[in-house]
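Hi,

Here is the structure I said I would pass on.

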Amino acid sequence: MSHTALATGATIGIIGGGQLGRMSAVAASRLGYQVHILSAEIDPPAHDTARHVTIGAYDDEAVLRQFAESVDVITFEFENISSDGLELLASLCPVHPAGRVLAISQDRILEKSFLGEQDIPVAPWVSVPDEASLSGVASELGYPFLLKTTRFGYDGKGQFRITDAETLDALASTLPYPLIAEGFVDFERELSVMVARSASGAVRCFSVTENQHRDGILDISLAPARIPVALAAEAEALALRIAEAIGLVGILGVEMFVSAKGTLLVNEIAPRPHNSGHWTMDACLIDQFEMHIRAIADLPLPDPFRHSDAVMKNLIGPEGMALCDAVLEQSGLALHLYGKSECRPGRKMGHVNALFPLGALPGPYGVAARFDSALKAPQEA
């Protein structure tokens, strides 16, 4: 190891105990590190894979101080910790990614402003701080447009599609301001790129991934994305530019649209492992979780080459869990469950990866249909 690398046996603190923390802890243990999870949830999924777990509020100063003093470096698996809390942690222990990165990703207005400053292409947008400011949105963006909460939106939550003036008038007084309004993008497909950057400045990208959503939640990811090589290179270049500009240490998910005209627009960024990178767990020797741990520990970042093409399917709610027996009975499918005690509609309970020889992945819609057919629950077979 280099003299700057985190020593073997050191403790990595992870804020958040969900499935991303769970899988990050497994990756850290493979590299010889201990993991201490801080979770506001009792019996979180990461409890099964971490050496230590503290249950406490993310804004409790005493809890944060005790946590920071027990670890050697801190990272997070979600963005819902306050900037004040992260500032306190950073005063006691190195935090990666840094608070500035988290602050930008937490707020859609800061995020869009940052991307604009870097000349990163995005959909047209305007800030909507209150109801009075709604009046000019339609004239600037036209119908339809999307209204999104500036913070805490995920899996389609906190989003409102405005198709006409009547819809806008009916919702105006009930909307959770502040909001951001985004012009409707006529997109051909959705992509994401996972990019990792270490404290020493080494950067790596995983293969560009194509994503298909259902009811606002990621359903299927395909790697590699079915796009021209030149467009994939452009997507990777955008992700690398963002990682460098924001001063990333860790891993970053960059979500993008391919417009109907074949151009790329960046939608949002997530400074942590990402659902659309789960295919890397079986199709790459070093997956997104290990690359994240390597980056925050300042270990070398090898080429994360993809040895197989891959399809990832989320298992969501009771319907998804009903597929588990069928998955276990079939060869060629890798099941990953998150250990969540309560199975609710719309909740991500696990995922399945299917591998194909390089270059043998069918077209995206054909493989989606084939995957769905293979995973029919026993009662549907």
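This is a predicted model: local features need pLDDT of at least 70, side-chain atom pairs count only at pLDDT 80 or more; totals for chains, interfaces and linings use all residues.

Let me start with the lining of the largest cavity: by class, the residues there are 4 nonpolar, 3 polar and 1 charged.

Residues are numbered from 1 along each chain as its sequence is written, and side-chain values use heavy atoms, with hydrogens and water left out.

Back to the cavity. The structure has 1 cavity of 30 Å³ or more, and the largest holds about 30 Å³ of space. A cavity here is a set of points on a 1 Å grid over the protein atoms alone where a 1.4 Å probe fits but cannot get out, and lining residues have an atom within 4 Å of a point. Grid points are joined across faces, edges and corners, and the volume is the space filled by probe spheres set on the points. The lining consists of Ile-14, Leu-20, Ser-24, Thr-75, Phe-76, Glu-77, Pro-273 and His-292. Helix H1 (19-30) and strand E4 (73-76) are the elements that give two or more residues to it. Helices (H or I, at least four residues) and strands (E, at least two) are DSSP runs, numbered from the N terminus.

Next, strand E13 (residues 250-259). It is mostly covered, with 10 of its 10 residues buried, where buried means under 20% relative accessible area, exposed over 50% and partly exposed in between (1.4 Å probe, protein chains only). Which strands pair with E13? Strand E9 (residues 187-197) runs antiparallel to E13 and is joined to it by 10 bridges, and E14 pairs with E13 in the antiparallel sense over 6 bridges. Pairing takes at least two bridges found by DSSP. E13 and E14 form a hairpin with 4 residues between them, and Gly-262 in the turn has a positive phi of about 90 degrees.

Within E14 (residues 264-270) sits Asn-267, which is buried at 9% relative accessible area. Leaving out residues up to four places away in sequence, Asn-267 touches Glu-111, Lys-112, Lys-148, Glu-182, Glu-255, Met-256 and Phe-257. Contact means heavy atoms within 4.5 Å.

Then there are the aromatics: 3 pairs in the structure. Tyr-58 and Phe-78 are edge-to-face, 5.3 Å centre to centre with 65 degrees between the planes. Tyr-58 is in the loop between E3 (52-55) and H2 (61-69) and Phe-78 in the loop between E4 and H3 (83-92), so this pair ties together parts 20 residues apart in sequence. Phe-187 and Phe-257 are stacked, at 4.8 Å and 25 degrees. Since Phe-187 lies in E9 and Phe-257 in E13, that pair ties together parts 70 residues apart in sequence. Phe-187 is partly exposed at 35%, whereas Phe-257 is buried at 13%. Rings of Phe, Tyr and Trp (its six-membered ring) pair if their centres lie within 6.5 Å; planes under 30 degrees apart are stacked, over 60 edge-to-face and the rest tilted.

Cheers

Methods
On a 1 Å grid over the protein atoms alone, a cavity is a set of points where a 1.4 Å probe fits but cannot get out, and a pocket is an open set with protein on both sides within 12 Å along at least five of seven lines; lining residues have an atom within 4 Å of a point. Ala, Val, Leu, Ile, Met, Phe, Trp, Tyr, Cys and Pro count as nonpolar, Asp, Glu, Lys and Arg as charged, and the others, Gly among them, as polar.
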